[in-house]
Every structure is written in structure tokens, then in C-alpha cells.
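Visitor: I'm new here and would like a walk through this one. Could we take it a question at a time?

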Amino acid sequence: MIKAIISNILSNKETSLTQAQPALLSLFILTLGNGLLNTLTTVRLEALGVDHTTIGVISSVFYAGIVLGAFLTEPYLIKIGYIKAYSSITSLLAITSIIQGLHFSLISWAVIRFISGCCIAGIFIIIESHLVNLSKENNRGKILSIYMVSLYLSQALGQQLLKIDVAQQ
């Protein structure tokens, strides 16, 4: 009987870790791109000759979007559920990223970065709450620590993607 209980605990632990892998992989890929785009935005603005105060404002607007997105996500998530909320928010983030690459004006970039910040906050909240719901009491800390390592590692690696010279390849 004890062997069956231990087996059940281990299988539950593995199941929740296995179920968390897609969310963690999507977080890693998304944050890799976000880390690149955040750094690329400021580098691109500097290359275009934009003054440092304006660059700071456009960068700060992203974080203002994160604050607002943190408040807007929960009711949205409750209303339409995890899958629809995640899909719609990531789609909006993809659209804003494409628009930012195709169109340049300081005001439009500020608006785009604000919307991107809202989206990033929403995605983080959705993934975190999904991981908490998947986890059990005995492995919640492990899963959330993997989440945090994935988040910060991918953000740091995303910034390193600036070193890749696509033109030479």
C-alpha cells in the first residue's frame, strides 16, 4: 500500500512537470523575442538619432503597459478562459511587434510599446496561474523556480541575439 501511495505521488509530480513543459517552452520562446525587441527598440531609436529623453519615455511606456496589463488580465482571463486569453493576447503581441517593424513614428512606437507591455503582463499572469493550477503542493516551488529561471535566462539570451549579424550569413 505504501508503495502504491509513493508511486501515485511520483506519477502526479511527473505529470504536472510534463504538463508544464509546453507553457514553459512558450514562455522561453516568447521572452527570448521580447528581450531582443526591448533592447532592439532602444538601439534602433539611438541609431535614428532620437534624443535620450524620448528613448527613455518610449522604454518607460512599455513598463506602464505592464502595470495596466496586470490589472486588466484577471477579469479577461476569468471571462474567456486560459486558452482563449493566451491565444488572443499573444496574437495581439505578435501584431504589435510586426507593426513596430513596419512603421516608424515616435507616437506610434510609444502606443505599440504600451500595448506590448499590457500583453506581456497578461501572458506572464496567464502562464504563472496556469502553472500554479497544474502544480501540486509538493512540487509547486520547483515548477515556479523553473519558470523564473526560464524567464530570466531567455530574457538575457534574447539580448545576446543582437550580436548575430544576419547580413554576413
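Predicted model: local features only at pLDDT ≥ 70, side-chain atom pairs only at ≥ 80, totals over all residues.

Visitor: Which helix does Ile120 lie in, and is Ile120 buried or exposed?
Guide: Ile120 sits in helix H4. Its relative accessible area is 1%, and anything under 20% counts as buried. So Ile120 is buried.

Visitor: How far apart in space are Ile120 and Tyr63?
Guide: Along the sequence, 57 residues separate Ile120 and Tyr63. In space, going C-alpha to C-alpha, the distance is 9.6 Å.

Visitor: What else is on H4, say around Val111?
Guide: Val111 is found in helix H4 too.

Visitor: Where is Gln100, and is Gln100 buried or exposed?
Guide: Look in helix H3, residues 82-102, and you'll find Gln100. Among its contacts, not counting residues up to four places away in sequence, are Leu37, Thr41, Trp109, Ile112 and Arg113. With a relative accessibility of 4%, Gln100 counts as buried.

Visitor: What does Leu36 touch?
Guide: Leu36 has its place in helix H1, residues 2-47. At 23% relative accessibility, Leu36 counts as partly exposed. Setting aside residues up to four places away in sequence, Leu36 touches Gly158, Gln159, Leu161 and Leu162.

Visitor: What separates the C-alpha atoms of Leu36 and Leu161?
Guide: Along the chain, Leu36 and Leu161 are 125 residues apart. Their C-alpha atoms, though, are separated by 6.4 Å.

Visitor: Let's turn to H5. What does H5 reach from its first C-alpha to its last?
Guide: Helix H5 covers residues 140-160, which makes 21 residues. At 1.5 Å a residue, the expected value is 30 Å, and H5 comes close to that. The reach is 30 Å.

Visitor: Why do the buried residues of H5 line one face of the helix?
Guide: The buried residues of H5 are Ile143, Tyr147, Ser150, Leu151, Ser154 and Gly158. An α-helix has 3.6 residues a turn, so residues three or four places apart point the same way. On the other side of H5, Gly141, Val149 and Tyr152 are exposed. Seen down the axis of H5, the buried residues line one face because they fall within an arc of 100°.

Visitor: Stepping back, how many helices and strands does the protein chain have?
Guide: Along the sequence, the protein chain follows the pattern α-α-α-α-α. That is five helices and zero strands.

Visitor: What share of the contacts comes from residues 24 or more positions apart?
Guide: This share is taken over contacts in the protein chain with a separation of 6 or more. Residues 24 or more positions apart account for 81%.

Visitor: And what share of the residues counts as buried?
Guide: The protein chain exposes about 10,100 Å², with carbon and sulfur atoms supplying 69% of it. Of its 169 residues, the share that counts as buried is 33%.

Conventions: Residues numbered from 1 in each chain as written. Heavy atoms only, no water. Helix = DSSP H or I, 4+ residues; strand = E, 2+ residues; numbered from the N terminus. Expected span 1.5 Å × (residues − 1). Buried < 20%, exposed > 50% of the residue type's maximum accessible area, 1.4 Å probe, protein only. Arc of directions from axis to C-beta. Contact = heavy atoms within 4.5 Å. Areas by Shrake-Rupley, 256 points an atom, 1.4 Å probe, with all protein chains shown as cover.
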